[in-house]
Structures are given as C-alpha cells and as structure tokens.
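Q: Could you take me through one part of this model up close, then show me what sits around it? Here is the entry I have in mind.

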Amino acid sequence: MASVGIRDVYKSFGTTEILHGVSIDIADGEFVTLVGPSGCGKSTLLRMIAGLEGISRGEIAIGERVVNRVAPKERDIAMVFQNYALYPHMTVGENMAFSLMLKNAPKSEIDARVARAAEILGLVPLLERYPRQLSGGQRQRVAMGRAIVRDPQVFLFDEPLSNLDAKLRVAMRAEIKELHQRLRTTTIYVTHDQIEAMTMADKIVVMHDGIVEQIGRPLELYDRPDNLFVASFIGSPAMNFLHGAMAGEGPLAFQGKGGVSLALNGAAGAPRGTPVVLGARPEHLRLSDDGFPVEIVVVEPTGSELQIIGRTPGGEEIVANFRERHAFEPGQTVRLAADPDHIHLFNGETGKRLAA
C-alpha cells in the first residue's frame with residue numbers, strides 16, 4: 001500500500017486548460033472519492049494518476065516516488081473501468097489471471113492469487129464460466145477480481161457502477177466498501193453520484209470546473225459546505241436556497257423575496273443589508289404557524305418519508321421532507337419554518353459560506 005500525493009497539477013489539451021492547480025493528499029489505506037458533475041476533470045485526474053494521461057504541470061507521487069514519467073505498468077496500480085473490459089473468449093479465471101500471465105508469474109502463484117480473489121468476491125463457482133454467462137454485477141466483480149490479483153499499492157475506480165441498475169448499485173457499493181475494509185489498500189474512486197461518495201468514502205474531494213471546491217469527511221461536507229456549489233451538490237434532495245439580505249432592527253434576521261423572513265441564531269458574519277443566500281436542507285424544514293407561506297406544487301410519498309415541492313411568494317422553489325404522513329394536496333398553502341440551528345448562510349456575491 002502507499003499514499004498518493006497530487007501537488008499543484010495542471011492539465012491542458014492544446015489551449016484548453018482542464019485542471020487548474022489541483023492538490024490532494026491521500027493517506028496510505030484511505031478510501032477517497034472524487035465527485036463532481038460531468039466535465040469537472042475528475043476522470044482526467046484519475047487517468048493522470050494511472051499514467052494514461054500526461055501531466056502538463058505539477059507532480060504526482062505514489063508512495064515516495066514521483067511518477068510523472070513512470071510508465072503505467074510500472075506504477076503498481078490497478079484500475080477498474082466503467083465498462084468491464086473482459087475478454088469474451090476467456091473464462092472468469094483466465095480473465096482474472098491474465099495480467100499475471102503477461103508478467104510470466106509462476107503458475108502456482110497465479111492459481112493462489114486467483115483463488116484468493118475469487119474467495120473474497122464470491123466468484124469460486126463462476127471461475128469456469130464466460131463473461132456472456134454472467135450478470136452485470138458478476139461481471140463487475142470479475143473486473144474487481146482482476147485488479148485484486150495484482151496486489152497493487154493503489155486501486156483506481158472510474159465510475160464502476162454506472163452500468164448497473166439501482167438495486168444492484170446499492171449492493172455493489174456495500175461490496176466495494178467491505179472489500180476496502182478487508183484489504184485496506186489505498187483507493188481512489190471517481191463518481192458523479194454524490195450518494196455513492198457519501199456512503200463509501202473516508203474522504204470526499206468535490207471538484208467543479210477543474211478545481212477542488214472542498215475536501216473533507218462526508219458529514220463535514222454535508223453539515224458545513226464551504227460554498228454554494230458544495231451545498232447544492234452534496235445532499236439528495238439538494239439544499240434549498242432563498243435569496244435575500246441581512247435585516248432586522250434588533251436580532252439579525254434574513255429577509256427574502258416576497259416577504260419571506262427567518263430569524264437567525266448567533267452572529268451571521270455579515271452586516272445588515274448584505275446580500276446573502278440562505279440554505280436549508282429539506283429535512284430541516286417544519287410546519288409552523290409563524291413560518292413563511294409555501295404553495296404546494298407536487299406531493300411525493302416515498303414510503304418512509306413524504307416530500308413536497310412548493311413555491312414561496314417570491315417564486316423560489318422549496319423542497320421539504322416529513323417523516324409524518326400529512327394529507328397534503330397540490331395547490332394547498334402551508335407555512336414552513338427552518339430550524340435555526342441548521343441554517344446555512346452564503347455571501348450573495350461570492351457564494352462563500354458565512355458564519356451562522
């Protein structure tokens with residue numbers, strides 16, 4: 001196993017700069033997820049770690065060795081791709097053994113490593129089957145097994161669950177996390193799915209437009225996002241945002257569009273009149289006679305929760321989740337208040353977090 005150091009890395013394709021000075025420290029044995037929307041540069045960064053893309057500027061180190069000019073096969077990494085890339089004419093066992101065969105490893109070592117990986121992943125009964133005889137989840141496990149047999153210093157996963165259905169993705173998330181807990185190999189996992197990132201990672205790196213917006217543990221990012229982008233990206237349903245300004249003659253309060261007003265606890269880090277964006281997660285809204293009016297547009301029962309989508313008098317969309325079962329109807333107006341202890345405030349011009 002080894003740590004991975006990404007230091008002030010840039011990547012350009014011609015005159016187009018894709019990554020803008022990315023720096024990330026990944027500890028030995030850590031599970032780190034790179035998450036962000038399509039085009040943010042996360043897969044490009046992963047391919048640079050693997051050696052499949054060159055580095056325009058900066059430095060990438062695996063362990064104590066800088067690998068900028070080291071060939072991919074010499075980096076001691078194993079990569080699992082979005083498509084399984086299995087050889088259709090080879091059995092499961094042959095697919096898993098192929099990289100060791102290319103290295104001319106002894107047959108006894110190959111058999112032992114394949115048997116160990118197959119045992120870990122529950123593939124022992126499938127070793128003689130061909131990829132066409134496997135389900136999507138089984139094929140993904142074979143791709144993971146092919147990586148495990150190499151016994152690398154670092155595992156790289158490039159959106160490996162994108163081709164699976166929703167139920168199978170949940171099961172495979174648990175399998176990959178359990179695998180990491182057993183092997184404790186440094187793992188870098190790329191996804192655009194923030195639920196995958198939240199449930200699997202020790203540490204999340206949120207990327208946007210080629211820069212790192214925030215690095216932290218999953219609940220740190222959820223509870224204290226650094227800016228509006230992280231606040232909007234982490235969490236499902238997404239955080240609600242109301243635009244307005246600091247107000248109040250006595251205690252500070254938020255004054256939004258259409259007369260929406262919310263009391264604030266403690267210092268807000270901005271003087272009265274400052275344009276701000278107030279954030280509140282759907283689970284932190286509650287019914288209150290003293291709340292602001294919201295016209296219900298859609299009611300979505302999910303079983304464990306009841307979700308409503310509505311609009312404020314200022315025309316801003318609001319999503320609220322309730323554990324209780326209410327008889328809400330579209331067109332109905334309810335009054336909502338936000339839990340003052342879970343309100344987020346952001347500078348209306350820069351998008352940066354304010355104390356609240």
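What order do the strands of the open sheet of six have, and is their pairing parallel or antiparallel?

A: First, the ground rules. This is a predicted model, where local features need pLDDT of at least 70 and side-chain atom pairs count only at pLDDT 80 or more, while totals for chains, interfaces and linings use all residues. Residues are numbered from 1 along each chain as its sequence is written, and side-chain values use heavy atoms, with hydrogens and water left out.

Now your sheet. Its order is β13-β12-β11-β14-β19-β20, and the pairing is antiparallel. Helices (H or I, at least four residues) and strands (E, at least two) are DSSP runs numbered from the N terminus, and two strands pair if DSSP finds at least two bridges between them. Because β13 (261-263) and β20 (353-354) each have a single partner strand, they stand at the edges, and one side of each has no neighbour in the sheet. Look at the β20 end: β19 (residues 344-347) runs antiparallel to β20 and is joined to it by two bridges. Across that pairing, L345 stands opposite L354 in β20. In general, sheet strands pair through backbone hydrogen bonds, either parallel or antiparallel.

The S236 to P237 peptide bond is cis, with omega near 0°. Most peptide bonds are trans.

Rings of Phe, Tyr and Trp (its six-membered ring) pair if their centres lie within 6.5 Å; planes under 30 degrees apart are stacked, over 60 edge-to-face, and the rest tilted. F229 counts as buried at 18% relative accessibility, and F233 does too at 15%. Buried means under 20% relative accessible area, exposed over 50%, and partly exposed in between (1.4 Å probe, protein chains only). F322 and F328 make a tilted pair, 5.5 Å centre to centre with 55° between the planes, and both of these residues are buried. The structure holds seven aromatic pairs, and ring pairs also link F31, F155, F157 and Y189 into a cluster.

A85, in the loop between β6 (77-80) and α2, has a positive phi near 55° and counts as partly exposed at 44% relative accessibility. N104, in the loop between α2 and α3, has a positive phi near 60° and is exposed, with a relative accessible area of 67%.
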